[in-house]
Amino acid sequence: MVDFFILMCYNVCRKTFKGDEKKMSRVCEICGKGKMDGKTVSHANNKAPRKYDVNLQTTEIDGKKVKACTKCIKTAKKN
Ligand SMILES: [Zn+2]
């Protein structure tokens, strides 16, 4: 019984950790921009909440490989 409980805890913890890891990887390393809230609008004009992901791309800025949003990449290219 105790073993089962430990296994359950382990599975829950692993799932939680995985979720956090996934969340963290979808964040721009330069500006810290992450998931954004918005609404999806159907043709009948019904509005339902949804999340928008940042447009992240792996690129090299100042000789360092980073995951940056496209806005940051554009700014870095200008400067
Ligand atoms: Zn950014």
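Visitor: Of the six residues of strand 1 (residues 36-41), how many are buried?

Guide: Residues are numbered from 1 along each chain as its sequence is written. This is a predicted model, in which local features need pLDDT of at least 70 and side-chain atom pairs count only at pLDDT 80 or more, while totals for chains, interfaces and linings use all residues. Strands are DSSP runs of E with at least two residues, numbered from the N terminus, and a residue is buried if 20 or more other C-beta atoms lie within 10 Å of its own, exposed if 12 or fewer, and partly exposed in between, with C-beta atoms placed from the backbone. Strand 1 lies largely in the open, because its number of buried residues is zero.

Visitor: Is Thr-40 buried or exposed?

Guide: Thr-40 belongs to strand 1. There are 11 C-beta neighbours inside 10 Å of Thr-40, so this residue counts as exposed.

Visitor: Which residues does Thr-40 touch, not counting residues up to four places away in sequence?

Guide: Contact here asks for C-beta atoms, placed from the backbone, that lie within 7 Å of each other. Leaving out residues up to four places away in sequence, Thr-40 touches Ala-48 and Arg-50.

Visitor: What is the bridge partner of Lys-39 in strand 2?

Guide: Two strands pair if DSSP finds at least two bridges between them. Strand 1 and strand 2 (residues 47-52) run antiparallel and are joined by six bridges. Within strand 2, Lys-39 has as its bridge partner Pro-49.

Visitor: Which residue in the turn between strand 1 and strand 2 has a positive phi?

Guide: The two strands form a hairpin with five residues between them.

Visitor: How many bridges join strand 3 to strand 4?

Guide: Strand 3 covers residues 56-61 and strand 4 covers residues 64-69, and the two run antiparallel. Gln-57, for instance, stands opposite Ala-68 in strand 4. The number of bridges joining these strands is six.

Visitor: What is the phi of Asp-62, roughly?

Guide: Asp-62 sits in the loop between strand 3 and strand 4, whose hairpin has two residues between the strands. With 6 other C-beta atoms within 10 Å, Asp-62 is exposed. Although Asp-62 is not a glycine, its phi is positive, at about 55°.

Terms used
Helices (H or I, at least four residues) and strands (E, at least two) are DSSP runs, numbered from the N terminus. Two residues are in contact if their C-beta atoms, placed from the backbone, lie within 7 Å.
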